[in-house]
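Me: Please take a close look at the disulfide bonding in this structure, and then describe the sheet as well. I am new to this structure and would value a connected account.

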Amino acid sequence: QKEFKKVMNVNPSEFRGENLPVDRVDWYQARDYCNKSGKRLPTEAEWEKSARYGSESQYYWGEEADDSYAWHWDNSGRKTHPVGEKKPNKLGLYDIAGNVWEWTDSHRETTQGKVLRGGSWRNSMNAMQSFKWITSLPIQRFHYVGFRCVSSKLPVNNN
């Protein structure tokens, strides 16, 4: 939220805290923030590839539910939590499951909505499975929806 407010001069979040994920942000606000930061929203395929990072299991960490990886209905206290408190995935990404659903730049042909991935604090552990998705109209704002930006730039190899 701290970085979002610095760039966008507003904080739409219901749950407030500098290190909490931005929530109650519509797709346009998420896209605009990413663009102003020199980044973009991931496609759904990019999101899943980054989340799974080679995993074929139900959850990116394995086949069984594990509270140490995600904030969900049974362990969240009905709110978001500071980013990075749960274990990261193999790529080092935190909160790729749980905390807030994440907007992507993709849509499904059968809906008018944009695809969200990852599940949220408001869902059961079942929604944290890497293949789960929902859609929402891009103008919608919910206290369980946020985003993450990606960069198209390749990291510099210092070898």
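Reply: The structure holds one disulfide, a term that denotes a pair of cysteine sulfur atoms within 2.5 Å. The model is predicted, so that local features need pLDDT of at least 70 and side-chain atom pairs count only at pLDDT 80 or more, while totals for chains, interfaces and linings use all residues. Residues are numbered from 1 along each chain as its sequence is written, and side-chain values use heavy atoms, with hydrogens and water left out.

The disulfide is formed by Cys34 and Cys149, whose sulfur atoms are 2.2 Å apart. Cys34 belongs to helix 2 (residues 27–36) and Cys149 to the segment after strand 4 (145–146), so the pair ties together parts that are 115 residues apart in sequence. Helices (H or I, at least four residues) and strands (E, at least two) are DSSP runs, numbered from the N terminus. The link of Cys34 and Cys149 is left-handed, with -90° about the S-S bond. Cys34 is buried, at a relative accessible area of 0%, whereas Cys149 is partly exposed, at 23%. Here, buried means under 20% relative accessible area, exposed over 50%, and partly exposed in between (1.4 Å probe, protein chains only).

As for the sheet, four strands form an open sheet in the order 3-2-1-4, with mixed pairing. Strand 3 (133–136) and strand 4 stand at the edges with a single partner strand each, so one side of each is left without a neighbour in the sheet. Two strands pair if DSSP finds at least two bridges between them. Strand 1 (residues 101–107) and strand 2 (residues 114–117) run antiparallel and are joined by three bridges. Trp103 has Leu116 in strand 2 as its bridge partner.
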